[in-house]
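Me: I have a model open and want to learn how to read it. Can you take me through it step by step?

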Amino acid sequence: MDANSTFSLRLLSLTKDLRQEILKRLKRPEILCLRAVSQSFRNTIPLPPKPISPHPELVIPFCTHPDSSTPIQLLLTVSTVYAIQPIETTTNGDDQTNTWIVRLEELSSGVVRVKDTLYKFKQREVLSELPRSLNMLDYRVQELSKVFGLVPVASEGGNRNIYLKKVVVSSYPDESNSGFTLLALTGQGIIIAWRKGDHIWNYIAIEGVDETPKFEDIVYYNSKFYAVLSTCRVVTIDPLTLEVTKLKFRIEGYMPTVTGSRFLVKSSKDLFWICKCWSFLPAIDPGAYGTYVAIIKLDEKNNQWIQVNNELEDEVLFIGEDCSFSLPGKGYTPCKPNTVYFIDEELAERGDRPGTDIGILEVDSLTAKPIYAFPGYSKIFWPPPPWVRQNESSSSSTDHE
């Protein structure tokens, strides 16, 4: 009996409650692969719910004052960033691309919208270059991140646009999850919070600080929200009480406090604090440009932040406008290990395809270069690899926007 058969028998022999606990910890692509093992699995394991966007059952009143008489009704949108690979090794001449990172939003209409992976508002004319269908069972699929947003209900949208820089949640909302909490970072650097059942939103304030704090990024990590301020302070926010706690961790190493952008990125096992600022020093590498990046890693056990000097343990970090995620550096060609891929205003107008207008920081040298300085590395975003089109099915009813 092979290993797959042994695993199948063991899983099917578990009690229903224990199977459900296991399935709760699996992501949708993993459950779909399990169901594909055998007919017994399809009969036993229910289909995972689709991440339909906007969320069909969660309507959020956007009101920050109890006396407001005309709150806007908001819907929660969700898109998913995937790393897609062929099941078998493929070659296509000199092109060794074996990974496609793509961000998809599945609408209630059945349409699948392909979104720019790192830029929130960019619209790309790429329809003709997309495959007509994408059967997840034809590939190895890894879910890297879920990206959330808020949009007005269509009937109330009108000209009442709300600019929210980033939206993070404590968990994916469902009927049984009464502890759902949502944090939104506004364009002015203010964090507002909404808990399931609340009638109004709450402003996140910091005790002892008179002026409104200016936040730069938020993330949910280890059952807490983390937020970084423009003053280089990091705080945690309890998802149930919204209590704010200042981290008193000391910083081992140098962390620049000059004007720049600060981000929080969680990897498979760590939380990173990244500061990107302009450098007034001449670049040592002629191909580099004037950006300095410092990387700090959270060490909760020893109550400190540790500067990352020359390696990320082969991980790759990605920083976008409304999302961040990580990927192992090995086995995902053409991903460059020990690097940070990040959006940059200086490069924003350089490319007309996803992934062609970003920067790459080499952690070992702390040198930042445009992605076009690394030939072929943008192919992890675009175009779709040849092996995707080879598996394309003309009979699919799935469309793209």
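Reply: Start with a definition. Two strands pair if DSSP finds at least two bridges between them. Keep in mind that this model is predicted.

Me: Which strands form a hairpin with two residues between them?
Reply: E11 and E12 do. In their turn, Asn-222 has a positive phi of about 50 degrees. The pairing of strand E11 (residues 215-221) with E12 is antiparallel and runs over six bridges.

Me: What joins E12 to strand E13?
Reply: Four bridges, and these two strands run antiparallel. E13 covers residues 234-237. Val-228 has Val-234 in E13 as its bridge partner. E12 and E13 also make a hairpin, with four residues between the strands. There, Cys-232 takes a positive phi near 70 degrees.

Me: What is the strand order in the open sheet of four strands?
Reply: The order is E11-E12-E13-E14, and the pairing is antiparallel. E11 and strand E14 (244-246) are at the edges, each with a single partner strand, so one side of each has no neighbour in the sheet. On average, neighbouring strands of this sheet are turned by 25 degrees against each other, direction ignored.

Me: How many strands form the sheet with mixed pairing?
Reply: Five strands form this open sheet, in the order E21-E20-E22-E23-E24. Its edge strands are E21 (324-328) and E24 (367-370), each pairing on one side only. From one strand to the next, the twist averages 20 degrees.

Me: In which sense do strand E20 and E21 pair?
Reply: Antiparallel, over five bridges. Strand E20 holds residues 315-319. Within this pair, Leu-317 stands opposite Ser-326 in E21.

Me: Now a loop. Where is Ser-365 found?
Reply: Ser-365 lies in the loop between strand E23 (358-362) and E24. Its relative accessibility is 41%, so Ser-365 counts as partly exposed. Partly exposed is the class between buried, under 20%, and exposed, over 50%. Ser-365 and Glu-311 are 54 residues apart along the chain, and their C-alpha atoms are separated by 9.5 Å.

Me: How many aromatic pairs does the structure hold?
Reply: It holds 11 aromatic pairs. Take Phe-318 and Phe-325: their ring centres are 4.7 Å apart and their planes are at 15 degrees, so the pair is stacked. The cut-off for stacked is planes under 30 degrees apart. Both Phe-318 and Phe-325 are buried. Together with Tyr-341 and Phe-381, they form one aromatic cluster.

Me: Which residues line the largest cavity?
Reply: The lining is Asp-116, Thr-117, Leu-118, Tyr-119, Pro-354, Gly-355, Ile-358 and Phe-381. By type, these residues divide into five nonpolar, two polar and one charged.

Notes:
Residues are numbered from 1 along each chain as its sequence is written. This is a predicted model: local features need pLDDT of at least 70, side-chain atom pairs count only at pLDDT 80 or more; totals for chains, interfaces and linings use all residues. Side-chain values use heavy atoms; hydrogens and water are left out. Axes are lines fitted to C-alpha atoms, for helices over the stretch in contact, and angles run from 0 to 180 degrees between N-to-C directions. Buried means under 20% relative accessible area, exposed over 50%, partly exposed in between (1.4 Å probe, protein chains only). Rings of Phe, Tyr and Trp (its six-membered ring) pair if their centres lie within 6.5 Å; planes under 30 degrees apart count as stacked, over 60 as edge-to-face and the rest as tilted. On a 1 Å grid over the protein atoms alone, a cavity is a set of points where a 1.4 Å probe fits but cannot get out, and a pocket is an open set with protein on both sides within 12 Å along at least five of seven lines; lining residues have an atom within 4 Å of a point. Ala, Val, Leu, Ile, Met, Phe, Trp, Tyr, Cys and Pro count as nonpolar, Asp, Glu, Lys and Arg as charged, and the others, Gly among them, as polar.
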